[in-house]
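Please consult the sequence and the structure shown below alongside the text.

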Amino acid sequence: KEALNAGVDAAVQQLGVKNGYFESPYKVLIPEDAQKVINVVKKVPGFEDTETKLIAKMNQAAELAVKKASPIFVNAIKQMSFTDAKKILTGNDDAATRYLESTSRTPLYNEFLPVIQSALDEVNARTYWATVVNAYNKIPLQKKMNPELDAHVNNKALDGLFSLIQVK
């Protein structure tokens, strides 16, 4: 339990600082289907640096949200049974991370979502991306895109967090 707490604390501290996600291997990138939008819109005056700005804003949101993770992890670790601990000790190298993910991903997602939304709003990412997508959606003969970023940023932030915990 001590080792798990230490790994969680180290991961949260590393990702929860300015550029913690942005300058890490866990950087939140543009959704795949949105890359088409970026490629078209960056040719429009005023939208040339859309990809750079959006990636920075999504990572800022993840950095703000990850700070909410510690209490949820602490609770998951406190609830660990002797059987769970034994499975972790005798399991694969990633057994502890898989335990944490199975017991805390849903509560983390639910806790992160309003923080991600608020953080995306704080850095103006949702409005910015909606403006970009709405501009794209006005181009004739293009498949209309959804301007929502929330779930993508939330899932990528969690994926990065669990990946870093596994390394720690």
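**Overview**

Of the protein's 168 residues, 43% count as buried (buried is under 20% relative accessible area, exposed over 50% and partly exposed in between, with a 1.4 Å probe and protein chains only). The model is predicted, so local features need pLDDT of at least 70 and side-chain atom pairs count only at pLDDT 80 or more, while totals for chains, interfaces and linings use all residues. Residues are numbered from 1 along each chain as its sequence is written, and side-chain values use heavy atoms, leaving out hydrogens and water.

**Fold and confidence**

- The protein has eight helices and zero strands (DSSP runs numbered from the N terminus, with helices H or I of at least four residues and strands E of at least two).
- Along its principal axes, the C-alpha trace spans about 60 × 30 × 25 Å.
- The mean pLDDT (the predictor's confidence in each residue, from 0 to 100) is 85, and 99% of the residues reach 70 or more.
- Confidence is lowest in helix 2 (residues 32-41), with a mean of 78, and highest in helix 8, at 88.

**Largest pocket**

- The largest pocket has a volume of about 320 Å³.
- A pocket is an open set of points on a 1 Å grid over the protein atoms alone, where a 1.4 Å probe fits, with protein on both sides within 12 Å along at least five of seven lines; lining residues have an atom within 4 Å of a point.
- The volume is the space filled by probe spheres set on the points, which are joined across faces, edges and corners.
- Helix 1 (2-15), helix 5 (82-90), helix 6 (95-122) and helix 8 (150-167) each supply at least two lining residues, and helix 1 gives the most, with four.

**Aromatic and charge contacts**

- One aromatic pair is found in the whole structure (ring centres of Phe, Tyr or Trp, the last by its six-membered ring, within 6.5 Å; planes under 30 degrees apart are stacked, over 60 edge-to-face and the rest tilted).
- The ring centres of Phe73 and Phe162 lie 5.7 Å apart with planes at 85°, so the pair is edge-to-face.
- Phe73 belongs to helix 4 (residues 69-78) and Phe162 to helix 8, 89 residues apart; both Phe73 and Phe162 are buried.
- The charged end of Lys27 sits over the ring of Phe22, 4.3 Å from its centre (NZ of Lys or CZ of Arg within 6 Å of the ring centre and within 35 degrees of the ring normal).

**Backbone**

- Asn19 has a positive phi of about 65° although it is not a glycine.
- Asn19 is found in the loop between helix 1 and helix 2.
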